[in-house]
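Subject: A structure for you to look at

Hi there,

Here is the structure I promised to pass on to you. Please open it beside this email and follow along as you read.

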Amino acid sequence: MQGVLTGFAVIAVVIGVGYVLGLRGHLGPQGREVLTKLAFHVASPALLFTTLATADLSVVFSARLLVTALSTVAVAGAFVAVGVVRGWGVGRTTIGALCSGYVNSGNLGIPIAVYVLGDASLVAPVLLFQLVLVTPVAVTILDLSRGGAGGTLWRRLLTPLRNPIALGSLAGVAVAASGLEVPDAVMDPVTLIGNMSVPAVLLAFGIGLCGSTMPLRGVERRPVLLAVALKAVGQPAVAWALASGVFGLRGPQLLDVVVTSALPAAQNLYTYASTYGVGERLARDAILVSTVVSVPVLVGVAAVLG
């Protein structure tokens, strides 16, 4: 329980600083946009590279990863199905699907894994799955939905190779798979740049809250409610059913997969929405509400399964 509260407290403080910066206008009218571009084009690719370059790729074959992948596909697919029926559009539906199943495995998942699960590496399967597969696929769809990949089939197939987020992830996996050791002279500055990613995303998110209307209002109310319900309740429920009923996980392993699935939507989804200019209100509200709702959910999961 202490880990849950600590992780949320850290995020809340940084977002609050961003809100004050936006309220006082210290970064000017383009402050949020600059932070968003910095995170998307520079800091986040560097963070993904350094994270994956030193990761143990053997976790890809673990049962925990299969539970994570299947539960993510289930809730994201549910949102996509509703989005298609309601006519919410490709870009908007993609952002909503991400908010339904893309968990905050980094800046919130790691401290919770340390304080609740006792091992930070337990979030590695979730982190790898999201960075290696979900992120490149999602940003490629967003690229194609706005016509950024050109008209030819060849240019569309090469879309991931022109996206900095996908490039950072793929480069990190390539280094880890090859067993190469990146020299400190290269890794140290890349690590330093990557360390800006989470603060930049949280500050931009806080600035975006300044002057905004209360969540769960307006045209995005239904998509937000759906995304939050799928993220906070649907995904951990599906993960529990799969882990216990299909894969036979018990004890700490069961707690691990359910806790990680109950994490709220990741803040970097707001960066993707802002970068592509689609579903920004949906992403902002879904992240905010799912973060608040996930507190009692995580505390309950830890109490019941811990």
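Below is what was found, from the whole chain down to one residue.

First, some ground rules. This is a predicted model, in which local features need pLDDT of at least 70 and side-chain atom pairs count only at pLDDT 80 or more, while totals for chains, interfaces and linings use all residues. Residues are numbered from 1 along each chain as its sequence is written, and side-chain values use heavy atoms, with hydrogens and water left out.

**The whole chain**

The protein chain has 14 helices and zero strands; helices (H or I, at least four residues) and strands (E, at least two) are DSSP runs, numbered from the N terminus. Of its 306 residues, 50% count as buried, where buried means under 20% relative accessible area, exposed over 50%, and partly exposed in between (1.4 Å probe, protein chains only). Contact means heavy atoms within 4.5 Å. Among contacts in the protein chain with a separation of 6 or more, 82% come from residues 24 or more positions apart.

**Two helix pairs**

The axes of helix 11 and helix 12 (residues 251-261) come within 8 Å and cross at roughly 160°. Axes here are lines fitted to C-alpha atoms, for helices over the stretch in contact, and angles run from 0 to 180 degrees between N-to-C directions. Helix 11 and helix 12 are therefore roughly antiparallel to each other; angles under 35 degrees count as roughly parallel, over 145 as roughly antiparallel, 65 to 115 as roughly perpendicular and the rest as oblique. On the helix 11 side, the residues that meet helix 12 include P236 and W240, and their partners in helix 12 include L254 and V257.

Helix 13 (residues 268-276) and helix 14 (residues 280-305) also have axes that come within 8 Å, crossing at roughly 170°. This pair is therefore roughly antiparallel too. L269, Y270, A273 and S274 of helix 13 meet E280, A283, R284 and I287 of helix 14.

Where is E220? Look in the loop between helix 10 (197-209) and helix 11 (221-246). E220 counts as buried because its relative accessibility is 10%. Leaving aside neighbours within four places in sequence, E220 is in contact with R92, R281 and L282. With R92, the side chain of E220 makes a side-chain polar contact at 3.0 Å (a pair of N or O atoms within 3.5 Å; within protein, one must be able to donate a hydrogen and the other to accept it, and residues adjacent in sequence count only if both atoms are side-chain atoms).

Happy exploring!
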